[in-house]
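Please show the structure below and keep the selection tool open.

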Amino acid sequence: MAAPFDLKNDGVVVIIGSGAGGGTLGNELAQKGIDVVILEAGARHEYEDFINDEWDSFAQLAWTDKRTTSGDWRVAKDFPNLPAWIVKAVGGSTTHWAGASLRFQEHEFKTLSTYGKLEGANLLDWPITLAELEPYYAKAEDRLGVTLTNNIPGLPGNNNFKVMKAGADKLGYKECHTGRMAINSEPRDDRNACQQTGFCFQGCKWGAKWSTLYNEIPKGEATGHLEVRPNAMAFKISHDAGGKVTGVVYADKDGRLQEQKARIVAVAGNSIESPRLLLNSASSQFPDGLANSSGQVGKNYMRHTTGSVYGVFDKPVHMYRGTTMAGIIRDEARNDPSRGFVGGYELETLSLGLPFMAAFLNPGGWGRSFTTALDHYDHMAGMWIVGEDMPREENRITLHADIKDEHGMPVADVHFDDHANDTAMRNHAYKQGSALYAAVGATRTFPTPPYPSTHNLGTNRMSEKAADGVVNKHGQAHDIKNLFVSDGSQFTTGGAENPTLTIVSLAIRQADYIAEQMSAKSI
Amino acid sequence: MVTIYERKPAHERKPGLSRRELLKRGGVGALLVISGSAVISPEHAWGLETSALKPETMATLIQMARDIYPHDQVPDKYYAIAVKAHDEQAGKDPAHKDLIEKGIAELDLKSGKDGYTGLGWEEQRVAVLREIEDTPFFQAVRGGLVVGLYNQKEVWPIFGYEGESYSKGGYMARGFDDIEWL
Ligand SMILES: Cc1cc2nc3c(=O)[nH]c(=O)nc-3n(C[C@H](O)[C@H](O)[C@H](O)COP(=O)(O)OP(=O)(O)OC[C@H]3O[C@@H](n4cnc5c(N)ncnc54)[C@H](O)[C@@H]3O)c2cc1C
Ligand code: SF4
């Protein structure tokens, strides 16, 4: 049974956010017998309630509270109040993630040493190595049921994948398969097998795809040590005179202010909300916000170098049938500066339904050049580019000077400018993607601009030295021993891989560390 | 109130709306006819009644919508449904009514003596639209269409998009991998 904990219970670990990081950490701790309260800003929708309709699902799950944007990225012009596509619901963005689950490459933990200093980039080596994370990657892959690991067969290729594979063969790419996906190719761990419904981005109504909503959280609740409190929007972390955090102030479902006391606080609200919360928790003792003696909170915002390529063919494809992202080419993920940029990128199959295609193919575009593309919607194949982008101090989350949300908390402004390396990489990927589809007979291709960010990273980064970042190699704040960051905002750099497997691995590792430190009574 | 209504077959209709008479009252473009407070498509048996915007304005909006997102295989009816929200909003918000009425008046003015719908070729109309594409009026109309037009379930089959699939068991047995031409 789910345990309801008293607001005054100061022995609990309070986690803010129930997504990939928070939901996983919550279950891990509960399994170890540690009492946990997860405060989640969104509502709880079980997977039967998900909607096979893009806009209706967006209204059900997406974070639509106001945010602002600035910088030279096109999102700031086309979607000024929607910098990111993130979920506000129990399960967080794992409700509508696509399931691509890749390990980082060794050099991606050592970008400063590997790429060298790059003008305009705030590169830094992670304080951990691939070798240190490997055992946790293995645990995470087993937990998520990642295909092509643990003897789990790959997913069958859908039409969109078959087009990609044919093109990859023509271009001589060697590593192209249906992906390492946290989607069941056969029933496993009480989860159904994928029925190729094609609405992975809208929440899997079969529960075939891993999500903290129906995997981690119910398991944690079953221990009696985990309570998930939905519709609870945290807006301030409190601390005592000794500089230790003591609880979290939040608005409950009726908008009333409450404070949940805590022995430990872990922030996992995704990379826009987590720094927003730390900055908003400023006090006379910490005037620049909590855990911010380095000044790095909110900085180094990364979103992966993305973009899409769609191709139109003279014969039908029906790319929207089946898994949204079960197809990958990994050949370009290596670091090979001879291509004109450092780092690498993955190419993954992608499909949008007609309503989202109209909104995102070329935002603001109109006239026949635009509409003749949509006229061939059922003859289209699509892929997504996901590559390593450069951390930049200027790319950052700040509190808006004037605009506040309904609880009086300043909204987040998201500033982003592409680094020249990002642009060079994107252009290379556009060329490869277009060439791939042309090789299979595409009559027209579309280099499509990045969507609002789905991978938000880096704004509370890990560092060896306290001066360079916000948290240490366990995600523990350099400044405050009982404050942790447990989501993608702790990434020192972004890698070329979709981030969730790494977020989950770090959360499992962090749970071990927290349990150790608690029993040693050092926090 | 704005309603899109299916028109009754000719023998059930009130007298006075014969095809010949409708055409006599003045066609908008070749297809749409204004009658009282309604825009009517005599060919395709539907009408759109306006309450806040002038019906002429609505008819021009429908043409404008088609010129912004031209799909020759999509009937006018769906463009009409896509822009009718402007009539609803104009009823609630005088500023919005002003934006649309003035925007259309301006569009007509820029288009010469027969107005926007008097321009026979799409290229001619698009040239006028290019002149105003940065105005709040144009952006309001275009922006509204992105969801208003493409989120109509009835138009999806025209583009070959099949929509909801869970209730049909997904595509496991319905062609997720049926591509044959590769
Ligand atoms: C369409 C889409 C597809 C994706 N596909 C993939 C993929 O294939 N592979 C992959 O690796 N990644 C994918 N991602 C990214 C992945 O979903 C995220 O990287 C991951 O979920 C981030 O985990 P997180 O814990 O940082 O945040 P989230 O999972 O977003 O969880 C954060 C939670 O915190 C809550 N919250 C925020 N602020 C507060 C507050 N103040 N108080 C209380 N609660 C708060 C939010 O409501 C949310 O529920 C995808 C994302 C999207 C949008
Ligand atoms: S395609 Fe598979 S994983 Fe995606 S939503 Fe459908 S059943 Fe779930």
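Select the shell around ligand 2: its residues divide into 6 nonpolar, 5 polar and no charged. Here Ala, Val, Leu, Ile, Met, Phe, Trp, Tyr, Cys and Pro count as nonpolar, Asp, Glu, Lys and Arg as charged, and the others, including Gly, as polar. The members are Ile183(A), Cys194(A), Gln195(A), Gln196(A), Thr197(A), Gly198(A), Phe199(A), Cys200(A), Cys204(A), Trp206(A) and Thr323(A), each with a heavy atom within 4 Å of the ligand.

The model is predicted: local features need pLDDT of at least 70 and side-chain atom pairs 80 or more, while totals for chains, interfaces and linings use all residues. Side-chain values use heavy atoms, without hydrogens and water, residues are numbered from 1 along each chain as written, and chains are lettered from A and ligands numbered from 1 in written order.

Next, select Ile86(A), Gly92(A), Ser93(A), Asn270(A) and Thr454(A), which lie nearest the centre of the largest cavity among its 50 lining residues. A cavity is a set of points on a 1 Å grid over the protein atoms alone where a 1.4 Å probe fits but cannot get out, and lining residues have an atom within 4 Å of a point. The largest one holds about 780 Å³, the space filled by probe spheres set on points joined across faces, edges and corners. Its lining has 28 nonpolar, 18 polar and 4 charged residues. Colour H8(A), a DSSP run of H or I with at least four residues: this helix gives the largest share of the lining, 4 residues.

Finish with residues 391–507 of chain A, listed by UniProt in an unreviewed entry as "domain: Glucose-methanol-choline oxidoreductase C-terminal".

Note on methods
1 Å grid on protein atoms, 1.4 Å probe; cavity = no way out; pocket = protein on both sides within 12 Å on 5 of 7 lines; lining within 4 Å. Helix = DSSP H or I, 4+ residues; strand = E, 2+ residues; numbered from the N terminus. UniProt positions renumbered as here; feature names shortened; annotations may be inferred.
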